[in-house]
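Student: I have a model open and would like to learn how to read its features. Where do we begin?

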Amino acid sequence: ADVTVTISSEPTTQPADMDFNGTWKVYSEENLEEFLKVIGAPEVVVKMRKDVKPVMVIKQTGRDFICTMKTPFCSRVNSFTIGKESEICSLDGRKLKYSCSGTVHCQGRNWEADL
């Protein structure tokens, strides 16, 4: 299942720089519930994620990223490199294989990433 995440930075990051360093708030997610069900997330996680919009803290060095997702219930740190398969940890602690193509669209202050 595809998941689209739209995020906005605080402060605004210049789109031309493609610098994702900073703190980001998730404003909307499409198909997230279906995606979580497909990967086998527990129902409690699916319900929590419908109501909670996480804050993401991103540290970027070139194509390498360290992402910390913070919710009122927990924090999760994952790292990956664009174009390479990585292993990430889900909110419920399961290990998942992940590959990011790096497709990002920007419109004003909002960014949309196809994951």
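Tutor: Begin with K50, which counts as partly exposed because its relative accessibility is 47%. Buried means under 20% relative accessible area, exposed over 50%, and partly exposed in between, with a 1.4 Å probe and protein chains only. A word on the source: this is a predicted model, where local features need pLDDT of at least 70, side-chain atom pairs count only at pLDDT 80 or more, and totals for chains, interfaces and linings use all residues. Residues are numbered from 1 along each chain as its sequence is written, and side-chain values use heavy atoms, with hydrogens and water left out.

Student: With which residue does K50 form a salt bridge?

Tutor: Side chains of opposite charge can pair when their charged atoms come close. The rule asks for a side-chain nitrogen of Lys or Arg within 4 Å of a carboxyl oxygen of Asp or Glu. K50 pairs with E33, and their closest N and O atoms are 4.0 Å apart. K50 lies in helix α2 (residues 43–51) and E33 in helix α1, so the pair ties together parts that are 17 residues apart in sequence. Helices here are DSSP runs of H or I with at least four residues, strands are runs of E with at least two, and numbering starts from the N terminus.

Student: How many salt bridges are there by this rule?

Tutor: Two. In the other entry, E33 meets K37 at 3.2 Å, N to O. E33 and K37 both sit in helix α1 (residues 32–38), four residues apart, about one turn of the helix. E33 is partly exposed at 28% relative accessibility; K37 is partly exposed at 47%.

Student: Which residues make up the largest nonpolar core?

Tutor: A nonpolar core is a set of buried Ala, Val, Leu, Ile, Met, Phe, Trp, Tyr and Cys residues joined through side-chain atoms within 4.5 Å. The largest has twelve residues: F20, W24, V26, M56, I58, F65, C67, M69, F80, I82, I88 and Y98. Strands β2 (22–30), β3 and β4 (64–70) each give two or more residues to this core. Its largest share, three residues, comes from β4. Another core, of five residues, lies apart from it and includes L32, L36, A41 and V46.
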